[in-house]
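Subject: Structure handover

Dear colleague,

Here is the structure I said I would pass on. My notes on it follow below.

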Amino acid sequence: MKKIIILFLVFTASVASVFIVQMMITKLWNFGGVSWGPGNLPVQPVQQTAMLCTTFLAGLFAPIVAIAICRRIPWVVIFSICAFGLTIDVFAVLVPLASLPLWFKLSFVISVPLQVYVGTKIGVLLFLSKRPRVSYS
């Protein structure tokens with residue numbers, strides 16, 4: 001039971017990191033004059049590109065955070081992150097983003113497994129790779 005609670009908390013922290021990073025990057029775009037949000041769909045190509053880049057970069061953080069917390073690859077959490085991200089993105093393209101072009105919606109959904117894969121690779125490199133020890137003798 002304790003392991004399930006720990007994995008749930010890791011999953012929650014991982015998903016929260018995506019939303020926090022996405023909000024921060026979106027604020028940076030706002031400073032640059034590119035904005036989107038509720039009632040302001042990304043209809044211009046620059047908005048669409050910015051939203052795809054922001055979503056991709058933010059999505060990288062979920063597996064990185066999971067690996068950083070567990071110090072191993074928590075596969076159950078990684079697969080749950082992917083399934084949760086796909087569910088959110090499929091809902092988004094069917095309801096609020098339904099009027100946007102097909103290329104955008106496909107890119108939005110297809111990028112989720114790629115985000116999780118690349119994020120997992122980065123997390124392994126950052127937290128699990130063996131670093132050679134330097135001998136000063």
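What is the volume of the largest pocket? It comes to about 470 Å³. Please keep in mind that this is a predicted model, and that every value in this email is computed from it.

**The chain as a whole**

The protein chain has 4 helices and 0 strands, and along the sequence the pattern reads α-α-α-α. Taken along the principal axes, the C-alpha atoms fill a box of roughly 60 × 40 × 20 Å. Of the 137 residues in the chain, 38% are buried.

**The largest pocket**

The lining of this pocket consists of 26 residues. Those that lie nearest the centre are Q22, T55, I88, D89 and F108. By residue type, the lining divides into 18 nonpolar, 7 polar and 1 charged.

**A nonpolar patch on the surface**

M1, I4, I5, F8 and L9 together make a nonpolar surface patch of about 600 Å². One of these residues, I4, is found in helix 1, which spans residues 2-31. Is I4 buried or exposed? Its relative accessible area is 57%, and the cut-off for exposed is over 50%, so I4 counts as exposed.

**Two loop residues**

R71 lies in the loop between helix 2 and helix 3. Phi of R71 is near 60°, which is a positive value in a residue other than glycine. R71 is exposed, because its relative accessible area of 52% passes the cut-off of 50%.

G32 has its place in the loop between helix 1 and helix 2. With a relative accessible area of 61%, G32 is exposed as well. How far apart are the C-alpha atoms of G32 and I81? They are separated by 30 Å, and the two residues are 49 residues apart along the chain.

F104 is found in helix 4. The relative accessibility of F104 is 0%, and buried means under 20%, so F104 counts as buried. From F104 to I73 the separation is 31 residues in sequence and 31 Å in space, taken C-alpha to C-alpha.

**To go through with the model open**

- The pocket: begin with Q22, T55, I88, D89 and F108, which lie nearest its centre.
- The patch: M1, I4, I5, F8 and L9 are the residues that make it.
- The loops: R71 sits between helix 2 and helix 3, and G32 between helix 1 and helix 2.
- The buried side: F104 in helix 4, at 0% relative accessibility.

Regards

Key. Residues numbered from 1 in each chain as written. Predicted model: local features only at pLDDT ≥ 70, side-chain atom pairs only at ≥ 80, totals over all residues. Heavy atoms only, no water. Patch = residues over 30% accessible without salt bridge, like charges linked within 9 Å, V, L, I, M, F, W, Y side chains within 5 Å. Areas by Shrake-Rupley, 256 points an atom, 1.4 Å probe, with all protein chains shown as cover. Salt bridge = Lys/Arg side-chain N within 4 Å of Asp/Glu carboxyl O. Buried < 20%, exposed > 50% of the residue type's maximum accessible area, 1.4 Å probe, protein only. 1 Å grid on protein atoms, 1.4 Å probe; cavity = no way out; pocket = protein on both sides within 12 Å on 5 of 7 lines; lining within 4 Å. Points joined across faces, edges and corners; volume = space filled by probe spheres on them. Nonpolar A, V, L, I, M, F, W, Y, C, P; charged D, E, K, R; others polar.
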